[in-house]
Amino acid sequence: MSTAVAESKTWGGGNQPLKASYGKMMMWFFIVSDALTFSGFLAAYGFSRFKFIDSWPIADEVFTHFPFLHGVDAPMYYVAFMTFVLIMSSVTMVLAVDAGHHLNKGKVTIYMFLTIIGGLIFVGSQAWEWNTFIKGDYGAVQTKGGNILQFVDTDGHRVALRDFVVVDEHAERTQHERKSGLWFVSEGTLPAYTVNEVLHGLEAHDNVLVRTQIINEEGEKTVLSRAESLKQIKDNGKLVVEGANLHVNEYGSPLFADFFFFITGFHGFHVFSGVVINIIIFFNVILGTYERRGSYEMVEKVGLYWHFVDLVWVFVFTFFYLV
């Protein structure tokens with residue numbers, strides 16, 4: 001086969017198909033495949049939530065913190081702030097791409113810098129949110145069946161374990177380590193309190209009740225009577241839970257924490273990767289690389305990725321925080 005014939009069967013980029021360069025076509029292929037991956041994750045989350053719809057954590061009760069405002073109940077405020085920052089970074093990316101079309105190096109530099117700052121704020125905010133979610137705020141007791149029992153006062157307000165638990169100063173607990181037993185078995189960090197200490201604290205405070213993770217017809221968690229509260233802790237209390245991880249979750253179903261860490265972590269990795277790529281492109285803009293090429297298409301390609309990450313967060317935000 002002649003070289004001319006071989007070259008005629010090879011697409012060399014050009015303006016076809018769809019009048020897009022090879023680089024932009026490959027970016028679109030990646031975006032489509034990644035969109036299918038996120039769709040699978042969110043679909044799995046949706047099915048799991050539907051299965052446990054009567055016991056799924058209420059987002060307004062989970063994401064109530066705001067940096068530097070301790071003790072202030074601000075449900076969803078910080079998540080809304082994070083979303084606003086990411087959307088605005090997408091706007092600055094659009095402006096950077098438009099400036100690139102006009103070969104305006106100065107404006108591309110400014111708007112790329114603002115996009116990077118927005119991405120860093122979002123990643124830092126997500127790290128703070130993870131840290132807050134992992135540490136927890138109130139604490140709870142896990143039953144033998146794996147359900148979560150939380151504590152409220154007679155007005156229905158959440159009560160933290162530290163506010164009513166009676167600590168037994170004479171009780172000694174030893175954390176199991178590999179060197180003290182089976183070499184392949186170790187125990188995680190011991191909780192601050194035992195179930196018995198929680199029970200004694202509950203008995204000593206008449207205004208504290210147990211709230212289960214079951215949602216009633218009014219859309220609120222079911223609060224038990226005083227007698228039922230004591231009975232639940234005494235008969236079914238198994239483990240004191242503080243915060244959330246891949247095994248336990250003080251807010252409710254452990255599946256919620258599993259999906260939260262996996263999906264928001266996967267998205268956060270995309271944002272972090274986008275920030276790194278934007279930084280590389282930013283310095284190339286400063287060095288005049290694209291100015292010499294006479295094209296800022298690389299800025300446009302990374303812009304496609306950034307808009308995709310922004311769009312995915314809209315769906316993650318909707319699934320986890322709004323629905």
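Me: Which strand holds T143, and is the residue buried or exposed?

Reply: T143 lies in strand β1 of this predicted model. The cut-off for buried is under 20% relative accessible area. T143 has a relative accessible area of 6%, so it counts as buried.

Me: Which residues does T143 touch, leaving out those up to four places away in sequence?

Reply: With those neighbours set aside, the contacts of T143 are L149, Q232, N236 and K238.

Me: How should I read the sheet, and what is the order of its strands?

Reply: Strands of a sheet pair through backbone hydrogen bonds, in either a parallel or an antiparallel sense. Here five strands form an open sheet in the order β4-β3-β2-β1-β5, and the pairing is antiparallel. β4 (221-223) and β5 (237-241) are the edge strands, each pairing on one side only. From one strand to the next, the twist averages 40°.

Me: How many bridges join β3 and β4?

Reply: Two bridges join β3 (residues 208-215) to β4, in the antiparallel sense. I215 has K221, in β4, as its bridge partner.

Me: Which helix lies across strands of this sheet?

Reply: Helix α6 (residues 195-204) lies across β1 (140-143), β2 (148-153), β3 and β5. Relative to β5, α6 runs at about 90°.

Me: Now the helices. How is the packing of two of them described?

Reply: The description uses the angle between the two axes and the distance between those axes. In this structure, α5 and α8 pack at about 155°, and their axes are 9 Å apart. That angle makes α5 roughly antiparallel to α8, because angles over 145 degrees count as roughly antiparallel. The crossing in which α5 passes α8 is left-handed.

Me: What is the general idea behind a nonpolar core, and which residues of the largest one touch the most other members?

Reply: In soluble globular proteins, nonpolar side chains tend to be buried together. The largest nonpolar core here has 51 residues, and those touching the most other members are F63, F133, V299, W313, F320 and Y321. At least two residues of this core come from each of α2 (22-51), α3 (59-62), α4, α5 (105-135), α8 (254-287) and α10 (297-322). The helix that gives the most to this core is α10, with 13 residues. Apart from this core lies another, of 17 residues, among them F164, V195, L202 and V210.

Me: Where is G100 placed, and which residues does G100 touch beyond four places in sequence?

Reply: G100 sits in helix α4 (residues 77-101). Beyond four places in sequence, G100 touches V108 and Y296. The relative accessible area of G100 is 5%, so this residue is buried too. G100 and M298 are 198 residues apart in sequence, while their C-alpha atoms are 9.4 Å apart in space.

Me: For the protein as a whole, how many helices and strands are there, and what share of contacts joins residues at least 24 apart?

Reply: The protein has ten helices and five strands. Among contacts between residues at least 6 apart in sequence, 68% join residues at least 24 apart. Of the 323 residues, 41% count as buried.

Technical notes. Residues are numbered from 1 along each chain as its sequence is written. This is a predicted model: local features need pLDDT of at least 70, side-chain atom pairs count only at pLDDT 80 or more; totals for chains, interfaces and linings use all residues. Side-chain values use heavy atoms; hydrogens and water are left out. Helices (H or I, at least four residues) and strands (E, at least two) are DSSP runs, numbered from the N terminus. Buried means under 20% relative accessible area, exposed over 50%, partly exposed in between (1.4 Å probe, protein chains only). Contact means heavy atoms within 4.5 Å. A nonpolar core is a set of buried Ala, Val, Leu, Ile, Met, Phe, Trp, Tyr and Cys residues joined through side-chain atoms within 4.5 Å. Two strands pair if DSSP finds at least two bridges between them. Axes are lines fitted to C-alpha atoms, for helices over the stretch in contact, and angles run from 0 to 180 degrees between N-to-C directions. Angles under 35 degrees count as roughly parallel, over 145 as roughly antiparallel, 65 to 115 as roughly perpendicular and the rest as oblique. A crossing is left-handed if the near helix is turned anticlockwise from the far one by less than a right angle, and right-handed if clockwise.
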